[in-house]
Amino acid sequence: EIGAGSGALTKHLLYKAKKAVAVEIDKRLCGVLRQKFASHQNLSIVNADILKANLHDLIQPEHSCKVVGNLPYQITSPVLSFLLQNRRLIDACVLTVQKEVALRLSSRPGSKDWSPLSIAVQLYADVEILFHLKPGSFFPRPGVDSSVIRLWFLPQTRVWVQNEKPFFEVVRAAFGQRRKILLNSLAANLDLPKDRLEVILNGIGLDPKRRAETLDMDEFARLSSAMCESLK
């Protein structure tokens, strides 16, 4: 559990999990948790910053885990990055995030929410919105709606990607100037001549006048592969 706090969620996990690991950055709250759940032998309380933790040290060797948590909104992106980096050790995640983020994570090509974040997560996982929560569900009350999402990590990437680093560079460049056509956005953000980019796009059957949000993940993969080949 990421950010166990005073244990509102922890108490339910203890009856569902053979072993629960509560990670809490606040030393005082760790003391509260130890006192509240002193009789539970299946709980391990770790005073740590999850972003600096080694997941191998938190779970039993050669075991996988499920991750849950009400994520602090200001660190949602770094936590998602941490989870993606450790996806080989994780079966699934159930997380509370800002509703706007949940819509982006679960969006599809062609929607206004389709973004580099959508692609970064969906390359490795299935994303499902379970339900939405109003601000009154929390104390202190946040200023925005929230959503509970579930991530199921895939055994392999959703589409074949020749090289992940240039793949994500192309994705970020394409969305770098969202209102511009693909040709102009790529040229501006990758510092490549338009005539060269136009040859690459036409060569793989992509209309240079399309916009980034219309491209699906397979099209981005083909584009990054073609650009890697072109730059050799």
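Leaving aside its neighbours within four places in sequence, which residues is Leu-51 in contact with? Select Leu-51 and you will find Pro-78, Val-79 and Phe-82 in contact with it, where contact means heavy atoms within 4.5 Å.

Before going on, note that this is a predicted model, in which local features need pLDDT of at least 70 and side-chain atom pairs count only at pLDDT 80 or more, while totals for chains, interfaces and linings use all residues. Residues are numbered from 1 along each chain as its sequence is written, and side-chain values use heavy atoms, with hydrogens and water left out.

Staying with Leu-51, look at the loop between β2 (43–47) and α3 (55–58), where this residue has its place; helices (H or I, at least four residues) and strands (E, at least two) are DSSP runs, numbered from the N terminus. Leu-51 has a relative accessible area of 33%, so it counts as partly exposed, a class that lies between buried (under 20%) and exposed (over 50%), with a 1.4 Å probe and protein chains only.

Next, select Leu-83, Leu-95, Leu-151, Phe-167, Leu-186 and Phe-220, the residues with the most contacts inside the largest nonpolar core, which has 62 residues. Such a core is a set of buried Ala, Val, Leu, Ile, Met, Phe, Trp, Tyr and Cys residues joined through side-chain atoms within 4.5 Å. The helix α7 gives the most to this core, with seven residues. Apart from it lies another core, of nine residues, among them Ala-22, Cys-30, Phe-37 and Ile-45.

Now move to α8 (182–190), where Leu-182, Leu-183, Ser-185, Leu-186 and Ala-187 are buried. If you also display α7 (164–175), α9 and α10 (217–230), you will see the elements against which the buried residues of α8 pack.

Finally, select Val-94, which is found in strand β4 (residues 90–98) and is partly exposed, with a relative accessible area of 31%.
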